[in-house]
Amino acid sequence: MMLVSKKIKFRSLAGVLAGCVGLVAAQASAGVVVGKPTPHGNTAYPEAGTTMARAGTFTLVGALQEHVKISGEAEPTFPSTMQGAVYLMNGTSTTPERVYQFPGVAQFNLQAGSQLAISNRFLAFATRGTDSDSPQANSVFIARNNNGSWAECPLVSGQRNCNDAVRENGQNISRALTRIPLTYPANVSFKDIALALSDDYLVIGYKRQSVLEIYRYNTSNDTWVLELSLDEPDERFTGAAVAIDGDLVAVGSPWSEGGTAGAELGSVRIFRRNASDSTWSSVAITSGYFSTGAFGRSLAMASGNLAVTSGVTFPVNGVTPQQHLSFYRVAADGAISARQSLETAYPHVHLALHGDTLASTVSGGDEGLSLYKRAAASGQWAYETGLIRDFYKSVNSSGVGYGGIDPIGLVGDDLVLGWRAFSGLLGGVIHEKASLIDACRDPLNLVNNCSFDNVTNTALAGTQSSSGWQVLNWNGASAWADFNGRQMRINVQQPGSDMWHIQARTTVNLPQAGRYLLTFRAKADDVRTFVVNLGRNGNGDNNWASYGRVTAAAGPEWVIYSFELPNVPQDSAAFLDFNLGNAGTAAVTVDSVKLVRLTQ
């Protein structure tokens with residue numbers, strides 16, 4: 001029986017994998033989940049994790065529909081229930097470092113936390129409240145970190161109450177929060193504005209009005225000074241996405257004229273501050289050349305890297321247009337170079353960039369989170385791995401998942417994901433290690449320890465086993481395996497005279513007969529072949545029937561392999577084995593091994 005094979009180099013498996021449903025299984029170990037902090041008011045739909053921002057060890061979390069009463073008040077009625085709350089979390093602690101909230105019926109429909117931003121020195125959050133008479137409506141509030149202690153609202157009747165803890169920007173009084181009124185209210189969606197914040201600058205983008213504002217913090221008088229107010233034609237959606245890196249600000253205008261003259265394909269501009277006169281200038285522009293437009297609807301900029309999405313996210317004639325993810329290098333003077341664009345099967349929504357790693361959430365297909373990495377030697381970006389959309393599900397919300405549209409944050413190896421469907425839509429935050437993310441961590445994957453994260457031995461000699469994997473040497477062949485870097489590297493010393501003389505294998509339970517899909521990634525120290533086989537355990541009767549076998553070629557670069565097995569029987573103790581015998585002594589490294597039954 002032969003396998004139908006497809007080799008995919010540095011591309012997402014989202015377009016290959018069959019649709020998956022189900023809850024997280026024990027073998028797909030999750031990161032640390034921190035639910036919405038208690039005590040809290042609204043237990044219906046606060047959806048903590050709808051918005052999120054990350055800096056250092058701190059995660060700022062928005063719960064837009066949270067509400068609490070003021071003691072003695074009547075129960076507030078909808079939509080007064082949507083005051084919103086902002087939680088400042090430190091590490092994976094379940095206890096908030098700070099809580100920012102405006103309780104009471106008077107705070108009508110504020111939705112505090114509509115947008116969030118945080119740096120090492122400041123945090124900022126926005127409110128809505130289009131129809132509200134509250135002085136806190138349609139504002140950005142800023143709290144400062146002073147010598148390691150974040151500004152705090154007073155405790156009133158057992159809850160944090162920021163109603164009397166606000167000063168207007170420029171006032172010479174001490175308050176926990178500084179208020180900057182929004183020039184234009186976010187009256188359609190909490191996504192009407194975009195925020196970016198550093199230790200020196202606050203950027204506000206008003207996409208529906210195509211307005212951009214840049215404030216600079218003046219330490220001497222504790223005031224945020226407006227240094228740039230850019231007002232462009234509304235149809236450009238200038239400010240739909242913004243980012244800060246040092247003295248550079250990236251601004252997306254997804255429907256501005258770019259590329260072909262007169263074509264509204266979108267653009268991203270880099271603004272740089274002139275220290276001599278405190279003005280800002282557009283020093284570079286990159287335009288979208290993709291017919292699907294919307295270049296610059298999402299972006300991220302950090303460490304001299306810039307990532308930009310393009311492609312409209314709504315179906316055109318029933319089909320979602322082609323999407324692209326573009327990467328650039330940005331010099332200290334703002335100059336843009338080294339453009340590289342990758343096609344993606346579905347829209348990428350939220351981007352989080354740190355160093356040479358990009359995390360992005362995906363709004364369609366099987367994969368809800370993707371990781372891309374930039375190779376130090378070549379400077380090229382490539383897809384690394386991801387998590388399927390259904391990896392995080394909420395049992396208490398009838399299986400509803402929001403993977404791919406909730407926000408993310410990345411600092412070093414620490415990745416945080418919003419999970420507003422968690423615990424009956426109370427919401428929460430997931431803490432993962434980016435280095436541990438692997439596409440094989442699928443609840444339906446039949447391969448245990450698929451990414452070699454859990455090993456009891458760091459090296460295996462012949463016949464030894466570790467957490468479900470075993471290395472076997474036959475007929476004078478000699479090889480051993482090590483698991484450094486959470487990968488299985490099979491080192492060949494004597495190759496033997498047949499492919500099965502060196503094997504690395506694991507047992508898999510095939511629950512039903514049918515079609516199966518096997519995927520993995522592999523590379524070799526030098527160009528060579530190896531054989532992958534799924535078959536019967538013949539230890540008892542010497543019947544080693546194969547359910548599917550293929551010879552794969554590998555070289556020094558990672559390749560993602562995908563093989564469909566059309567006619568696999570039910571077998572609770574089948575073997576999946578990688579056979580390296582009789583093909584030279586070049587070592588083979590294997591990772592992300594996944595076997596799932598196809599339902600269609």
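A: Strand 4 (residues 58–63) pairs with strand 5 (residues 85–90) in the antiparallel sense, over six bridges. Strands are DSSP runs of E with at least two residues, numbered from the N terminus, and two of them pair if DSSP finds at least two bridges between them. This is a predicted model: local features need pLDDT of at least 70 and side-chain atom pairs 80 or more, while totals for chains, interfaces and linings use all residues. Residues are numbered from 1 along each chain as its sequence is written, and side-chain values use heavy atoms, without hydrogens and water.

Q: Which residue in strand 5 does Gly-62 stand opposite?
A: Val-86.

Q: What order do the strands of the sheet come in?
A: 3-4-5-6, four strands in an open sheet with antiparallel pairing.

Q: And why is one side of strand 3 and of strand 6 left without a neighbour in the sheet?
A: Strand 3 (51–55) and strand 6 (98–101) stand at the edges, so each has a single partner strand.

Q: New topic: what's the average pLDDT of the chain?
A: It's 86, and 89% of the residues score at least 70. pLDDT is the predictor's confidence in each residue, from 0 to 100.

Q: Where is pLDDT below 50?
A: Over residues 1–29, a stretch with 83 contacts beyond near neighbours in sequence; contact means heavy atoms within 4.5 Å. Residues 395–399 also stay under 50, with seven contacts beyond four places in sequence.

Q: How many of the residues count as buried?
A: 56% of the 600, where buried means under 20% relative accessible area with a 1.4 Å probe, protein chains only.

Terms used
Buried < 20%, exposed > 50% of the residue type's maximum accessible area, 1.4 Å probe, protein only.
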